[in-house]
Amino acid sequence: MSELNKRIIARVLVETVVPLAVGTGEASIMTDSEVAVDYNGMPYIPGTSLTGVLRNSVKDEPGTDRIFGSVSKENLSGSMIIVSDAKIVDLKGRVVDGCALPDPETVNLYKDLPVRQHVKIGNKGAAEDTGKFDNQVVYKGTRFCFDLEFMILSSDDETLFYRILDLINSDALRIGGGTRKGYGRLETKAIWVISYDMTDKEAMDEYLEHSAELSIDPFALQKWT
C-alpha cells in the first residue's frame, strides 16, 4: 500500500428512472410524507441519504470504515469523504444551486408534486384499518447533480474510490422510501472527475480556489465515463 496525498472530486449527474420518494419525515395536510425541498422550493436529495446508500453498498469492501469513518469505540475515526446534497437540474439544463435560480417552467412543474396512495395489508390478506397512508414523490425523469470529495492517503483508498464510482456508474443506486416497491432507482448520466496532488503547490492552490457550487460548469472537470 503506497502512501499518497490527493483530493479527488467527482461530479455526478443522475436521472430518476422511476418516481423518487425522499421525504423529510414530516407530514402535512396534503400528505403523510413530504418530499425534501431546498430554499428554492425545489426537491433535492440530502447528502446524508446518499452517503448512507453508498456506504451500505460497499460495506463488505476492505477500507470502508477508513473512508466513511467509524463510531466504534475500538476504531473511532472521522470520514474521509464528503457527499454534497443532490440538487435538481432545471428544464434548461442548469443545476439549481448557489446563486442559480430555477427557471419559471421548472418552478411551475415542481410546485405541486404528485401524491401516491398506499394500503398496508395485514396477515389475513386484507387492508388494515389504520394501514392507509400516502407519500409525495418526485417525477420520473428528474435530473439531480451532486459532488463526492475524497481524501486519498493511500493506493487502497484510491482503489475504493474508483470502486464507489463503478458502483454509481452501474445504475445500481436505489434511494429513498419504497425501493422494494420500485421507487428510487437512479440512472447515472455522466461522471466528471478531477484529481489534485496536494504535494504540488500549484495543484493545492487550484484545489483551495475551486468552487463547491454545483451550478459551476462541470465540464471544467475531466469526464470519467
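A contact is a pair of residues with heavy atoms within 4.5 Å of each other. In this predicted model, 71% of the protein chain's contacts between residues at least 6 apart in sequence join residues at least 24 apart.

The protein chain holds five helices and eight strands, arranged along the sequence as β-α-α-β-β-α-β-β-β-α-β-α-β. Of its 225 residues, 41% are buried. The accessible surface amounts to about 12,500 Å², with 50% of that area belonging to carbon and sulfur atoms.

Side chains of opposite charge can pair when their charged atoms come close.

| Salt bridge | N to O distance |
|---|---|
| R143 and E15 | 2.7 Å |
| D90 and R94 | 3.1 Å |

E158 is buried, at a relative accessible area of 17%.

R143 and E15 also meet in a salt bridge. R143 belongs to strand β6 (residues 143–154) and E15 to strand β1, so this pair ties together parts that are 128 residues apart in sequence. R143 is partly exposed, at 31% relative accessibility, whereas E15 is buried, at 18%.

In the salt bridge of D90 with R94, D90 is buried, with a relative accessible area of 4%.

Definitions and conventions: Residues numbered from 1 in each chain as written. Predicted model: local features only at pLDDT ≥ 70, side-chain atom pairs only at ≥ 80, totals over all residues. Heavy atoms only, no water. Helix = DSSP H or I, 4+ residues; strand = E, 2+ residues; numbered from the N terminus. Buried < 20%, exposed > 50% of the residue type's maximum accessible area, 1.4 Å probe, protein only. Areas by Shrake-Rupley, 256 points an atom, 1.4 Å probe, with all protein chains shown as cover. Salt bridge = Lys/Arg side-chain N within 4 Å of Asp/Glu carboxyl O.
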